[in-house]
Every structure is written in C-alpha cells, then in structure tokens.
Amino acid sequence: MKKTTISLGIVSFLLFSGKLVSQVTPSNEDLLKRIEALEAEKAKPKEWDASLYGWVRTEYNFDSRQSAYSREFQLNLYPLDEKLDANGKDINAAGGSNFLAITSRVGIRFRGPDVWGAKATGNIEADFFGNTELNKTSGGSGSTGLMRLRHATATLTWPKTAVTFGQTWYPSVIPDVFPGVANFNSGIIFNPFGWAGQVKVAQKLTPELTLSIVAYKDREFQTANATGASANSATFNSSIPTFHGQLQYKTKTITTGVGAEYQSLKPVIESAGLVSTEKVNSEMFFGYFKYANDKIITKLYGITGGNLNHLVMLGGFAGYTEPNGQESYKPTKTSAFWVDVASANSKIAPGVFFGYTKNSGVDAGFKNLYVRGSSGPRILDAVWRASARVEFKQNKFNIAPEIEYTAAKWGDTNTEAKAENNSKDVGNLRAMVRVMYSF
C-alpha cells in the first residue's frame with residue numbers, strides 16, 4: 001500500500017511538472033517571433049546618437065626670419081620688412097622657434113529625432129588656439145592656450161534641401177578643397193580662413209549640382225578697425241549680413257565650384273563729431289577645383305575682391321576725408337591663388353604646395369589705410385609660398401615633416417596703396433614637424 005501510494009505520488013508529480021514545463025517553455029514559433037521582435041528593435045534607428053572625435057596635435061616650428069604671425073608663432077603669415085639698426089644690420093633677420101600643442105581639438109557629432117520631416121544633426125567642436133592677444137605689444141598681459149569655439153552648428157536635411165545655422169567656416173572656405181599642408185597656417189593669406197555665425201540654405205539642383213545661399217556676420221577673424229572703432233564694430237554696426245552665393249558640382253573624383261559675395265560694413269557710427277552713415281561696400285569672387293582618385297589628389301583655388309581682411313588675407317579698406325571732415329571708405333583690392341598636389345597613398349604620402357597673392361591697391365586720395373600687409377610708410381606688393389611635405393601614416397597616427405619658404409616684396413606706399421619704390425625682397429624659411437594622434 002505504501003509503495004502504491006509513493007508510486008502514485010511520483011506519477012502525479014511528473015504529470016504536473018510536464019504540464020508546467022509545457023506552459024513555461026515556448027514553442028519554436030514563439031521563439032522565432034521573439035527573435036524577430038528583438039532584431040526589429042535592434043534595427044530601428046536610435047532617437048539620439050552621438051560620437052566623439054578629435055586629435056592630439058603637436059608641432060615644432062623653426063623660422064629663419066621674423067614674420068607677421070598669430071598665436072605664439074604658430075600661424076605665420078608673411079616675413080616682415082627689413083628693419084635696419086644704427087649699424088645697418090637687419091633686426092628682423094633674427095630667427096625663432098616654438099613647440100606647441102594648442103591646435104589639439106575635440107568635437108562631438110550628434111543626431112536626434114526628425115524635425116518637420118528632416119533629419120536633424122549637429123556638431124560642436126573646440127580647440128586650445130584661443131587667447132586674449134598676448135604678443136610683443138601687450139606688455140605680458142593676457143592669456144594663451146584658451147579653449148575656443150570652432151564649430152557649433154545644427155542642420156535640418158530634407159531629400160533635396162538642407163538648412164544649417166550656427167558658427168562654422170566662412171562659406172568661401174571649402175573643406176573638400178583645402179590646402180593639404182602640414183603647417184597649421186593652412187595656406188593662409190592665399191586661401192580664406194576663419195569662422196562666422198551664419199545661416200546657410202543648400203539646394204540640390206541635380207544629384208551632382210548644389211546651390212548654396214549664405215548670410216553671415218564676421219566673427220573670427222574679422223575686418224580691420226577704422227579710427228574710432230573697436231574690435232569687429234564694423235560688423236556689429238552694419239544692419240545687413242554679408243550675402244554669399246555658390247554653385248558646386250561634385251562627383252566621386254571631381255569637386256568644382258564658383259561663388260561670389262557682397263559685403264557692406266559700417267566702420268563707425270560717429271566721425272568728426274557727427275553721426276556717420278559711411279560704409280565700406282565690397283564684392284568678392286572665387287573658384288576652385290579638385291581631382292582625386294586612389295593615387296593622386298590635386299587641388300586649385302583662386303580668389304579676387306575687395307576688403308578680404310576678414311578672411312585673413314592681404315588688404316582691407318582705405319579712409320578718405322570728406323568736405324565735412326568725416327571719413328568715407330573704399331575697399332582695397334586683393335587677388336590670390338594656390339595649387340596643392342599630393343599622393344593618396346595610405347601609408348606614405350608626399351605633397352607640394354604653391355601660393356601667390358597680390359596687392360592691387362585702391363583709389364588715390366586716401367588719408368588712412370586699414371589693411372593687413374602695411375607697416376608705416378611701407379606696404380606689401382606680393383607674397384608667394386612654396387612648401388614640400390611627407391606624411392607618414394599608421395592607423396590613426398601621423399608624422400609629417402615639412403619645409404616651407406615664404407617670400408615677400410615690400411615697397412614704399414604710393415598714392416594708390418601699392419608698393420612702388422625702394423623695393424625689398426625678404427624671405428622666411430620654416431622647418432617644422434607635425435605629430436598627430438586622432439580618435
């Protein structure tokens with residue numbers, strides 16, 4: 001009896017357990033549905049996504065001559081004119097060098113939910129190239145190596161239209177067609193440089209052809225200051241932004257385009273004790289071309305126009321005295337071009353760069369010059385630069401030695417703000433090594 005009871009108990013337990021297992025253990029069909037649901041969830045686009053990027057960048061620079069520069073000799077522009085002492089020796093013939101890592105940078109790209117049917121993306125980027133203009137003339141005041149804002153943009157992208165707002169490159173800076181030099185000067189004074197607050201609308205006319213319209217305000221860098229002006233006040237005083245239009249054609253191997261700008265600045269609001277309504281109006285035109293395949297990268301860029309000072313180029317504007325004692329303004333004219341040819345090899349990539357810029361002056365009769373490339377009674381006529389580099393690349397690590405020679409022709413300033421007499425050619429040899437580790 002006892003054995004029979006135990007046996008019945010065991011059988012009952014096994015039957016009950018089997019029923020439980022059959023209820024808990026899913027069928028193959030249920031398992032398949034669960035897997036499909038997980039895969040669908042995994043494949044569904046994230047509402048928010050972000051990625052960090054940047055690099056650690058260190059450069060050692062040696063210069064054979066004193067140059068106009070920005071940021072602790074990091075960004076060299078052009079060699080300074082001859083400056084003779086009492087013994088007839090050139091004071092500016094002295095060399096200099098520096099070791100810097102202030103161009104290291106960090107950024108974040110992010111993406112969020114769609115907005116009005118458009119894909120929404122953004123970007124914030126900073127480096128340590130900011131300062132409070134500590135240099136030889138500031139008597140040791142100020143700070144260097146400050147974090148500064150480079151890019152801060154948000155973009156809404158529809159199938160054929162994109163709208164970008166925030167701070168980013170001046171629209172005449174073309175990231176796809178940018179000098180490939182190792183030096184952080186990036187071909188400056190031959191190629192536009194700097195960032196501006198802006199609104200940009202890009203419209204695809206065809207899959208390859210895009211029309212861009214931009215309205216922007218100068219920020220870094222900005223135009224020259226007239227007498228009585230403060231930093232960037234010419235931009236603040238202007239009631240309208242600078243208008244920019246550009247057509248770009250882009251395929252897998254070719255990027256080319258043309259563009260134009262109209263800028264109207266108001267240097268001061270008061271002149272000779274009276275309300276001033278005088279403006280400096282200017283136009284600018286440019287074009288570029290790039291061909292790239294798996295072996296070679298060739299880039300060309302040309303620009304001409306008035307008052308290109310805000311693009312870190314030669315020139316600016318001149319001041320004229322009117323009958324009522326007030327000052328009026330006209331832009332000086334500048335032209336520049338450059339070419340860069342480099343190997344597309346993923347391990348060892350040599351490259352060469354050549355740039356040339358010319359000061360074409362302004363109308364005669366000016367009283368004051370507010371330009372880059374002038375020093376007292378002397379002014380630049382032209383500047384050219386040639387450089388050669390080799391990049392050694394391994395994964396995200398990059399070492400690039402470079403030799404660069406910049407030549408400048410100085411002369412006495414004539415009535416049209418051109419270099420005319422007592423010409424002097426000076427040159428600066430810069431030897432540098434750049435080391436980068438990107439992430």
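A: Gladly. On a 1 Å grid over the protein atoms alone, a cavity is a set of points where a 1.4 Å probe fits but cannot get out, and its lining residues have an atom within 4 Å of a point. Grid points are joined across faces, edges and corners, and a volume is the space filled by probe spheres set on the points. Before the case itself, note that this is a predicted model: local features need pLDDT of at least 70, side-chain atom pairs count only at pLDDT 80 or more, and totals for chains, interfaces and linings use all residues. Residues are numbered from 1 along each chain as its sequence is written, and side-chain values use heavy atoms, with hydrogens and water left out.

Q: How many cavities of 30 Å³ or more are there, then? And which residues line the largest cavity?

A: The count is three. The largest cavity has a volume of about 70 Å³, and its lining consists of L314, G315, T332, N359, L369, V371, R372, G373, I379, L380 and A417. To group such residues, we use strands, which are DSSP E runs of at least two residues, numbered from the N terminus. Both β21 and β23 give two or more residues to this lining, and β21 gives the most, with three.

Q: How do I read the sheet that has β21 as an edge strand?

A: Start from pairing: two strands pair if DSSP finds at least two bridges between them. Here three strands form an open sheet in the order β18-β17-β21, with antiparallel pairing. β18 (327-331) and β21 (368-372) are the edge strands, each pairing on one side only. From one strand to the next the twist averages 20°; such angles are taken between N-to-C directions, from 0 to 180 degrees, with axes as lines fitted to C-alpha atoms.

Q: Why is β17 described as largely enclosed?

A: Buried means under 20% relative accessible area, exposed over 50%, and partly exposed in between (1.4 Å probe, protein chains only). Six of the seven residues of β17 are buried, so the rest of the structure largely encloses this strand.

Q: Which residues have the most contacts inside the largest nonpolar core?

A: A nonpolar core is a set of buried Ala, Val, Leu, Ile, Met, Phe, Trp, Tyr and Cys residues joined through side-chain atoms within 4.5 Å. The largest one has 42 residues, and L77, Y78, F193, I303 and V383 have the most contacts inside it. Among the elements giving it two or more residues are β3 (75-79), β9 (195-204) and β23 (378-394). A second, separate core of nine residues includes A226, A234, V280 and Y370.

Q: What does N183 touch, beyond its neighbours within four places in sequence?

A: Contact means heavy atoms within 4.5 Å. N183, found in the loop between β8 and β9, is in contact with R57, E59, Q74, N76, E402, E404, R430 and M432. It counts as buried because its relative accessibility is 1%.

Terms used:
Helix = DSSP H or I, 4+ residues; strand = E, 2+ residues; numbered from the N terminus. 1 Å grid on protein atoms, 1.4 Å probe; cavity = no way out; pocket = protein on both sides within 12 Å on 5 of 7 lines; lining within 4 Å.
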